[in-house]
Amino acid sequence: MSKISYQAQDEYGMVTVYDDGDCSILSFATNDEQSRCLKAAPHILQYDYTQAMLLVLLFCQPKRVLLLGLGGGSLATALHHAVKNIHITAVELRANVIEVAHRYFQLPRAKRLEVIQQNADDFLFNHQLRKVDVIFADLYDASGTAEVQLRADFIHRCADLLKEQGWLVLNCWQEQQDDPYLRSALREHFADLRYVLTGSKNWVILAGKIANYDANNVLREAALHWSEKLEFSLNKHLSRLRYLE
């Protein structure tokens, strides 16, 4: 039986944190889970889709990453734990979400992890930003994937902010597979397009600016290496990885 640890209303809706004993759970709406944190090991990702997003580590060795959408900070915590010397910038719209990420989800307070309270779309309009190796876009509201994440101009600005060999990782829903505008925008800016469809019906897209030609055995070896550091199996997600036609 879960109990409520925290609840607050802001202009975007309700932010609730539940505690089921083992985990802290972030919710933005009834029967909704945005983040889940294993209290005894907050760096171990609990959702298939967030685990699948880290398949990008098989294709690049990121030194600088940008997270658009913080949630409970699970991705940031996992990256901070597993990737040596990585610098993480996380952009989150809601002050309450940043508060609970630190207070209930054990988001590290560290020099290598910067959290900025701002609209992610507005943030990308800053032309003075330093380019990054990976952008993780996981923008959600109470109704599902934020529409901005599906727009061609959003994809364009993400591509511009990536280094020459950078990768964009998008978390979407299964029904968005048929969005012709999103597919067209991705093809315009990225040479390597792959996806994982998870059991929870998340459609996780990995988009590389330069094509990667590593053989399957090389990717499997890399997955084994990162699985040890991340403390969950990447190979099960690698087996679901497909090219986006």
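His-127 is exposed in this predicted model, with a relative accessible area of 71%, where exposed means over 50%, buried under 20% and partly exposed in between, computed with a 1.4 Å probe on protein chains only. The residue is found in the loop between helix H4 (120-123) and strand S8 (132-137); helices (H or I, at least four residues) and strands (E, at least two) are DSSP runs, numbered from the N terminus. The C-alpha atoms of His-127 and Leu-186 are separated by 21 Å, the two residues being 59 apart along the chain. Asn-126 lies in the loop between H4 and S8 and is partly exposed, with a relative accessible area of 38%. Between the C-alpha atoms of Asn-126 and Leu-161, 35 residues apart along the chain, the separation is 9.8 Å.

Residues are numbered from 1 along each chain as its sequence is written. The model is predicted, and local features need pLDDT of at least 70, side-chain atom pairs count only at pLDDT 80 or more, and totals for chains, interfaces and linings use all residues, while side-chain values use heavy atoms, with hydrogens and water left out.

The packing of two helices was examined next. Helix H2 (residues 74-82) packs with helix H7 (residues 216-230) at an angle of about 105°, and their axes are 9 Å apart; axes are lines fitted to C-alpha atoms, for helices over the stretch in contact, and angles run from 0 to 180 degrees between N-to-C directions. This angle makes H2 roughly perpendicular to H7, the classes being roughly parallel under 35 degrees, roughly antiparallel over 145, roughly perpendicular from 65 to 115 and oblique for the rest. In the contact (heavy atoms within 4.5 Å), Ala-78, His-81 and Ala-82 of H2 meet Trp-226, Lys-229 and Leu-230 of H7. These residues divide into 4 nonpolar, 1 polar and 1 charged; Ala, Val, Leu, Ile, Met, Phe, Trp, Tyr, Cys and Pro count as nonpolar, Asp, Glu, Lys and Arg as charged, and the others, Gly among them, as polar. H2 is mostly covered, with 8 of its 9 residues buried. The buried residues of H2 are Ser-74, Leu-75, Ala-76, Thr-77, Ala-78, Leu-79, His-80 and Ala-82.

The structure holds 5 aromatic pairs, in which rings of Phe, Tyr and Trp (its six-membered ring) have centres within 6.5 Å, with planes under 30 degrees apart counted as stacked, over 60 as edge-to-face and the rest as tilted. One of these is the tilted pair of Tyr-6 and Tyr-104, at 5.9 Å centre to centre and 55° between the planes. This pair links distant parts of the chain, since Tyr-6 belongs to strand S1 (residues 3-10) and Tyr-104 to helix H3 (residues 95-104), 98 residues apart. Tyr-6 and Tyr-104 are both buried.

Charged side chains also lie over rings, a placement that requires NZ of Lys or CZ of Arg within 6 Å of the ring centre and within 35 degrees of the ring normal. Arg-94 lies over the face of Phe-28, at 4.8 Å from the ring centre. Over the ring of Phe-125 sits the charged end of Arg-157, 4.0 Å from its centre.

Positive phi values were found in loops. Asn-31, a residue other than glycine, has phi near 60°. Asn-31 is placed in the loop between strand S3 (23-27) and strand S4 (35-38) and is exposed at 82% relative accessibility. For Glu-231, also a residue other than glycine, phi is near 70°. Glu-231 belongs to the loop between H7 and helix H8 (235-238) and is partly exposed at 41% relative accessibility.
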